[in-house]
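User: Please take a close look at one part of this model for me. I would like the fold of one chain, then its partner.

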Amino acid sequence: MENRLELHNVSKVFGEVQALEDIDFHLGRNEVVGLLGDNGAGKSTMIKIVTGYHQPTSGEIYFDGQKVEHLTVPLARQLGVETVYQERALADLQSLWRNIFLGRELTNQYGFLDVKKMKQETHSLMTQSMGFTSSAVNPDSKVGTFSGGERQGVAIVRALYFDADIIILDEPTMGLSLKETQKLLNFVRGIRDAGKSAIFIDHNIFHVYAVADRVVVIDRGRVAGEFMTKEISLDNLMEKMIRIAETGSFD
Amino acid sequence: MTTIETTSIPPYKETFSLRKFVRANGTQLGILSVFLGLWIIFILAAPDTFTKPQIYYAFMSTIPFFAIMAMPLTILVIAGEMDLSFPSIMAIGLVVFLLTYFQFASILLSFAAALLVGLFAGWLNGFIVVRFGIPSLVATIGTQFFWRGAVLVLAQNKNGSLAYAMGTPLYNILVGKLFGVFPMQMVWLIVIAVLSWILLNRTRFGAHIYLIGDNAESAKLMGVNNGRVRIQAFMLVGVVAALAGVIASLHVKFFWPSLGEGYLLRTLASVFLGGTSVFGGVGTIFGTFIGAFIIGAIEAATVAVGLTGFWTQLIYGLIIILSVIMHSFLRRRME
């Protein structure tokens, strides 16, 4: 069976900065891959190429074995890529229902917004998936009043609602409480159980190790190596991470 | 866990509660109270003027000239942009109207040409802002001077009379009287207000306007074409400015090269009085509509209550400052 996603020799140059160099990457079906790397290693750039936000300078992108040219954000979404960005991707002054349907508003047959349906769906998602129980929160509540965990919940539920095949989580545990983090990690495990794939980016190696099947280490714009979490102990992985940060190689 | 079943959930009923309503519509209720409060003051202070229908016909005749432009301008400001060039766009639209009429002697063709120029001027504003990343405040100061300059150059030695338009169907439709009494420009104001409301609240374009004004980065991440949406918003302001120019000039049956110069601050004041945030992301058509009538009524009211016209601007300033403070206060309370 083909991989959900493959990158071949993908490079990205911003002006004179080589952000990514010859990245080869694949994401299988039913697989959670953790991306590890220092700040500025190129994790975010790589993710933004997969989501169609940046176009690669060179290299090829395949979805389900099909080569895709000129990937854009709407096209990536059509192909089933959904991203849970750090909380900054929410519109604070707007209501919850507007945030759930950001950039993909439901319309009726005349092309007008179906506001009633969007509020109804938001309400269902809130009670079922987000676990919002507070009566003060309703589909018309402004997102700016939510807590960090609630905001992350909104971003995640957005990915769920649109039935994504590939869910990308960019630093999803940032600003979460301990309990909220546990909930999130359970959610990521659930992605695999549901037969979908995920790319999980986090600074916290414990979080990544806890949920990922495979860990890919990015360093200075290159893939430095990859490990199956089954085959490497957490201590061993941490040692390797420290070594690569200091010397640029694993050995 | 990733499948979402919506069947087992009781449908979401929007229960009406006064508290929720006040929370959701705070700024609109705020400006409405200001409006009603001022109205009562006017009636008490000058009952002879404000209890007779004539003054209201006068309002409906003159307020639409700038109020119709305040509608698309509200949309633009919600998107986080600004346009200072619309008064000049009013005038350049009229110059093209006149030139086209001299050439082809067709009122309809002239009207279409004026609207097209408005659309183009709006596109140019948007293009400069989006393509070169220039703040719209700065870019439209430039285009404001440019179009006004073009008006002065092109209108040299031209007769500005529009007497020939009197009685034509276009004249009757734009500035005639409905049922012999009701000014048609008021009908146009209502039409444009309703269209703007639909555009803003019931289309994806409107949803993206709010989103861009609130968090432009998020809009981009979610696949919204920020540049295109902003250019479209500038074009709306442009075409409606040209329409307002034709309406205002047909009303007096003459084109003055200074057309529009008195409207800049009134139009902007209507938008901000109505509770639209200069930072973007927040604003309503209803608020602007009420704001325009407050602005329009103050001038007549200061004279009617026995103050000289010199007082008008002072009172404008006072009401604008107090209302904007009220909006900022209400917004913080609602969060």
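Predicted model: local features only at pLDDT ≥ 70, side-chain atom pairs only at ≥ 80, totals over all residues.

Analyst: Start with the contacts inside chain A. The secondary structure of chain A comes to eight helices and ten strands. Of its 251 residues, 45% count as buried.

Now the overall dimensions. Along the principal axes, the C-alpha atoms of chain A fill a box of roughly 60 × 40 × 40 Å. The radius of gyration of chain A is 19 Å. A compact globule with 251 residues would have a value near 18 Å, so the chain agrees with that expectation.

Next, where chain A touches chain B. Chain A gives 39 residues to the contact, and chain B gives 26 residues. On the chain A side, the elements that give two or more residues are α2 (73-78), α4 (115-130), α5 (148-161) and α6 (178-193). The largest share comes from α4(A), with nine residues. By class, this side of chain A divides into 17 nonpolar, twelve polar and ten charged residues.

Chain B has two helix pairs to look at. Two packed helices are described by the angle between their axes and the distance between the axes.

Take α6 (residues 86-104) and α8 (residues 136-154) of chain B. Their axes come within 8 Å and cross at roughly 30°. Angles under 35 degrees count as roughly parallel, so α6(B) is roughly parallel to α8(B). The crossing of α6(B) and α8(B) is left-handed. From α6(B), the residues that meet α8(B) are B:Ser88, B:Ile89, B:Ala91, B:Ile92 and B:Val95. From α8(B) come B:Gln144, B:Trp147, B:Arg148, B:Ala150, B:Val151 and B:Leu154. By class, this contact has eight nonpolar, two polar and one charged residues.

The other pair is α5 (residues 64-78) and α15 (residues 285-304) of chain B. Here the axes come within 9 Å and cross at roughly 155°. Angles over 145 degrees count as roughly antiparallel, and α5(B) and α15(B) are therefore roughly antiparallel to each other. α5(B) passes α15(B) in a right-handed crossing. On α5(B), the contact is made by B:Phe66, B:Ala67, B:Ala70, B:Met71 and B:Thr74. On α15(B), B:Ile285, B:Thr288 and B:Ala292 take part. The classes here are six nonpolar, two polar and no charged residues.

Note on methods: Residues numbered from 1 in each chain as written. Chains lettered and ligands numbered in written order. Axes fitted to C-alpha atoms, helices over the stretch in contact; angles between N-to-C directions. Helix = DSSP H or I, 4+ residues; strand = E, 2+ residues; numbered from the N terminus. Parallel < 35°, antiparallel > 145°, perpendicular 65-115°, else oblique. Left-handed = near helix turned anticlockwise from the far one by under 90°. Contact = placed C-beta atoms within 7 Å. Nonpolar A, V, L, I, M, F, W, Y, C, P; charged D, E, K, R; others polar. Rg over C-alpha atoms; globule rule 2.2 N^0.38 Å. Buried ≥ 20, exposed ≤ 12 C-beta atoms within 10 Å, placed from the backbone.
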